[in-house]
Amino acid sequence: MPRLLEVTDLSTHFATAAGEVRAVDRVSLHVDEGETLGLVGESGCGKSVLALSLLRLVPPPGRIVSGRIVWKGTDLMRLPERDLRRVRGREVALVFQEPATALNPVFTVGYQIAEGLIVHKMMKKKEALREAARLMEVVRIPDPARRAVEYPHQMSGGMRQRVMIAMALACRPSLLVADEPTTALDVTIQAEILDLLMSLKREFRLSLILISHNLGVIAETADRVAVMYAGRIVEEAATRQLFASPKHPYTAGLLRSIPRLGEAGPEDGRKRRLAAIEGTVPDLLAMPKGCAFGPRCPDVMPECGERVPALRPLTAGDRAVACFKHHDAEGRPR
Amino acid sequence: MSAAGDAGRPLLEVADLRKYFPIRRGIFSSVSSWVRAVDGVSLRIAAGETLALVGESGSGKTTTGRCILRLLEPTSGSVRFDGIDLLSLKPRAMRRMRRQIQVVFQDPYASLNPRMRIRTIVREPLDIHGIGANRRERDEMVAALLRRVGLDPGMGDRYPHEFSGGQRQRVGVARALALKPRLIIADEPVSSLDVSVQAQVINLLIDLQEEFKIAYLFIAHDLAVVERIADRVAVMYLGQIVEEAARREIFKNPLHPYTRALLQAIPIPDPSRARERQVLRGDPPSPAQPPPGCRFHTRCPSAVAECPRVEPPLLEVGPGHWVACHLHPGPAAGR
């Protein structure tokens, strides 16, 4: 499959009064045509900043300090702002977690969907509004003609997220970056939205970067998964491989710590505790030396406290891991 | 109404609880209609038992918890704790009663006073209820509490913002434990936490229950979490309980179509498992205008002709298994 997006050694730092925060630290990833890349990590791991960095939308004091972002052969880092605008929204579209704040409260949802078409596709307003109603039907909003003239506050969270998706689809992008698109929603509504995203992906032959902290959501939607911890990607693998045999101790710990239905143990016995990862995520202002997961890692070795392991391919399978259990400091497999 | 364990009189007994919020309109703020947030909820919790109250936003689960604590005054119904009618208690007596009923809130960012040191936050209930001979003794109790929830007592001089979400929730738990309550109402205590930290707090709650024999009313939306901690589960939809059963029963044999949909909607973290899912269509209706008949009929995949017309009663269809659905009329009804 042709490569759509290739990110190499991307770093985004935030200058704060307390020091430089490396929110995204030498991240490399790629997305092929028609594929869904799942980006998983806990709060503060840098996954949202990474999403914004892809389109150079990081708000100050954040700043991309290095790296390449190659979109269909063009390095977006070298593109002037004017040309970049042709990529944003038109070729790569974003869907955010909180549709209530991402939508403008003073315009009808129909107009907000149409706006992109008027700006990017030079459509007449009337034509764009008609297309907007059609897009609302595509995202399964019942009675689209009537709901197109509603304002965001008149809609439920699930409906607002559908509007966001319709906006994102308006210009027929080839890549959709969805940042926690279902996190603010109830679980039955989440199931509807994921179902919608997956069928839209097939229908419009979209590629998807789906960012989530929810491993269930990732397991059900992604073809490939990248796991982030403290600003870095620590493991990357095909979804089935990753869930069947996680290689990084953080991935393994994360998979063990989630409660799964049907594994709570017998009725009368003691309630079964979960296998938690002890400790907490490091403060990005006071990162430990070496591997950021070292202080919480059950398999920590002396060298983990000295150097940061780079993301290296594993010999077995098309996957990569950043851990000295699996490769030495020179990247040779162990 | 339902099984309360073998201990005889339940610790908490809620009967036909209702909480209606007025919707005011016009210049005279006349009441135009009511939001029936909680509409006839009955439940029982035995000493040392965990009842999970499950539902999505707008189901009334949080309002139910607040009415039990009398943080909200219920419109009608009764709440008995250890046989005492809480709703008839004068404020002073109610304050005394709160020694035995404590609460842990969802958001540890919002529920801890940012200007108070951790030590003071945890000591406050001890100060208010005059427990311990003096300040020094109380400080020792605080140190023991912090240690018990897995925090270093040396951190007591810090402020909430210096703690991570998981640590703050531990502080919330320590504060709730301070008075040795018999019941803790935990309202989504882990849903704002990251998964790896969520597991730590669930483990803590399980351990504390075993050690101190505390009963929990565990209000949550995440059924996978609930399965770990609950003894019994009650599922709410639009202000009413639609199904209630022992943990194993409700997960193995869910009867109400809403319970089934909820269980099926949970994304499974196992890509090798094919899933069968009945995706519900549409949004939950507003509790200000609940649909007639069964409130779930507008989204129910198995609705029959009588569902929009007749409200199904909550009936016991098996030992300790209660369900409000026309498809499950109960053993006695025989159709």
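The model is predicted. In this model, 41 residues of chain A are in contact with 38 residues of chain B.

**Contact between the chains**

- On the side of chain A that touches chain B, H7, helix H8 (187-204), H9, H10 and H11 each supply at least two residues.
- H8(A) gives the most to this side, with 6 residues.
- By type, the residues of chain A that touch chain B are 17 nonpolar, 13 polar and 11 charged.

**Helix H11 of chain A**

- H11 spans residues 249-257 of chain A and is mostly covered.
- Of its 9 residues, 7 are buried.
- The buried residues of H11(A) are A:Pro249, A:Tyr250, A:Thr251, A:Gly253, A:Leu254, A:Leu255 and A:Ser257.
- Within chain A, these buried residues pack against helix H9 (215-221), strand S9 (224-229), strand S10 (232-238) and helix H10 (239-244).
- They also pack against helix H6 (195-212) of chain B.

**Backbone geometry**

- The peptide bond from A:Pro60 to A:Pro61 is cis, and its omega is near 5 degrees.
- A:Pro61 sits in the loop between helix H1 (47-54) and strand S4 (62-71) of chain A.
- A:Arg172 is not a glycine, yet its phi is positive, at about 55 degrees.
- A:Arg172 lies in the loop that links helix H7 (157-169) and strand S7 (175-179) of chain A.
- B:Asp16 is not a glycine either, and its phi is positive at about 50 degrees.
- B:Asp16 is placed in strand S1 (residues 12-25) of chain B.
- B:Asp16 has 13 C-beta neighbours inside 10 Å, so B:Asp16 counts as partly exposed.

**Sheet in chain B**

- In chain B, 4 strands form an open sheet in the order S2-S1-S4-S5, with antiparallel pairing.
- Strand S2 (30-45) and strand S5 (84-85) of chain B stand at the edges.
- Each edge strand has a single partner strand, so one side of each has no neighbour in the sheet.
- S1(B) and strand S4 (residues 76-81) of chain B run antiparallel and are joined by 5 bridges.
- B:Ala15 has B:Ser78 in S4(B) as its bridge partner.

Conventions: Residues numbered from 1 in each chain as written. Chains lettered and ligands numbered in written order. Predicted model: local features only at pLDDT ≥ 70, side-chain atom pairs only at ≥ 80, totals over all residues. Buried ≥ 20, exposed ≤ 12 C-beta atoms within 10 Å, placed from the backbone. Contact = placed C-beta atoms within 7 Å. Nonpolar A, V, L, I, M, F, W, Y, C, P; charged D, E, K, R; others polar. Pairing = 2+ DSSP bridges.
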